[in-house]
Amino acid sequence: MPVCPSCVLKAHQHNPFHNLQLWNGRFYETTTLQAQGYIMYLGHGGEPCPNLSHQPDPSPWQDIGSMEDVFAQEEGDTINDTQLGVSNLVIVHSTGVYSHSVSWCQCPGAEKARHLHLMKARLFPASITRPRSAFTFDVLDNFLIDALECKTSAMSFYQKLRRFTNNAFPDTIPDRYRELMRVSRIWRDLVNRKRFGFGHDTERSPGPGDLALYCPACPQPGINLPTSWRYDYEEWLVMRRYVVDGNFTAQHMKMKIPEDDVSLADGKGYMVTEGPYQAHIDDSKSTCSNHRAVNATNIQRSNLRATGVGATACARHGCFVPHAVVDFQKGERHMNMDYSICNAVKYTPKHIGSTLIIYDVACQWSIHFAERVDQSYHLSLPEGTEILPAVGKFHLSAHKLQCFPRFSLNFMTGAGHIDGEILETLWAPFNKISPTARSMSLAHRKEVLDDHMRDSNWKKLVGIGKSNLFWFLLLHLT
């Protein structure tokens, strides 16, 4: 149905991300709102600034050759404001990449607050001082969900948006991949701080592991145990149960210019704080024994900063323990896993005496563990902690016969019916993002790995109720 130009602009005053088609006499040709004279007003709720000398007249309804004309101007021209305060702004939305004429607020002092005017319009600027690109809140949320659920890289996600905009000639669409990488990191950090109660008005900054979720079902004094838990329950019932394992797929390449790396949440999630961990590595000497998995990754690789990661998770529900995931420098060595295990044991706010540690090489690791903790300035355990080493049921079959009676979960009081191999199931989806994170900067890689571990724990948290209900009905109705 034919619509006059003024009606089109009025209908899309608050819907600037619709795609238009114009009849050119032979067929409907794709056009844009900007080509029809649309102007996005910022600073006054979508209305023109009252301090404008005069409002720019929209161009008449006209036929343009193709969408390529919209992005035909030089990149450097997108920030040169006219006397009317109008400039070109590239906006990335979940339905494509758009170029809009933006009329900035001309009120006194508004020039320094342009990034805030974009924020109020639900647009996240790619820079603060002189923004020439922006991302809608919707596209940033979509990217984070795509990355978590579909393991989509930033490059693939942006290429999808370019094809949404122009599937025939996606290369004609401005490349905002680097801006997406930078803005998505900031957006992820802001969202996490908001969700965990660290808004812009709070005086307290997040500490180690404060931007992480943990298991809602494992015993945690002060959270899911009564105040009289020491007297109401036997010690084996509230015992910590951890499984420890390494992943050699999550490698990390050395950075060319590590001095340029900027961390937004170092140690605030599941990865340990870099400084203290590196100090521990520098002060430690490897006491790793002859283990095939270790030796296979102990080969010097000049291009790798990390040959994998080691993690600790709750053995029953498979939730990563916050601030307990470490990088491997040269294979899976005891000094790496000692740091992860000590951080995991100290994570709960109040002391629980016994801790079951299920580890593939627990028979060797446990021999001098207490000695290594006593001799290290960077390792510690709560006073009175008793470590009970065990080996997972799958790996135990490859051990010597003497290991079976000493480290089998079948003979551990309080172990329950667990196999001790649940971390293997967590590595499967984790490995899908490892190639993408391999070449990231150190800080960016940590933030991405934290986000995926946080999402894994979140899905466990929201699904654990359904799982418990299923088993309750199964036991009582059959």
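I began with strand β4 (residues 86-93), which pairs with β7 in the parallel sense over three bridges; strands count as paired if DSSP finds at least two bridges between them. Helices (H or I, at least four residues) and strands (E, at least two) are DSSP runs, numbered from the N terminus. The model is a predicted one, in which local features need pLDDT of at least 70, side-chain atom pairs count only at pLDDT 80 or more, and totals for chains, interfaces and linings use all residues. Residues are numbered from 1 along each chain as its sequence is written, and side-chain values use heavy atoms, without hydrogens and water.

I looked up the bridge partner of valine 90 and found serine 133 in β7. Strand β6 (residues 123-125) runs antiparallel to β7, joined to it by three bridges; there I noted proline 125 opposite alanine 134.

I then checked whether the faces of β7 (residues 133-136) are covered. Both are: Ser133 and Phe135 on one side, and Ala134 and Thr136 on the other, are all buried (under 20% relative accessible area; exposed is over 50%, partly exposed in between, with a 1.4 Å probe and protein chains only).

Next I turned to two helices. Helix α3 (residues 137-150) packs against helix α5 (residues 177-195) at an angle of about 85°, with axes 10 Å apart. Therefore α3 is roughly perpendicular to α5, a term for angles of 65 to 115 degrees. I listed the contacts (heavy atoms within 4.5 Å): Phe137, Leu140, Asp141, Phe143 and Leu144 in α3 meet Leu180, Val183, Ser184, Trp187 and Arg188 in α5.

Key:
Axes are lines fitted to C-alpha atoms, for helices over the stretch in contact, and angles run from 0 to 180 degrees between N-to-C directions. Angles under 35 degrees count as roughly parallel, over 145 as roughly antiparallel, 65 to 115 as roughly perpendicular and the rest as oblique.
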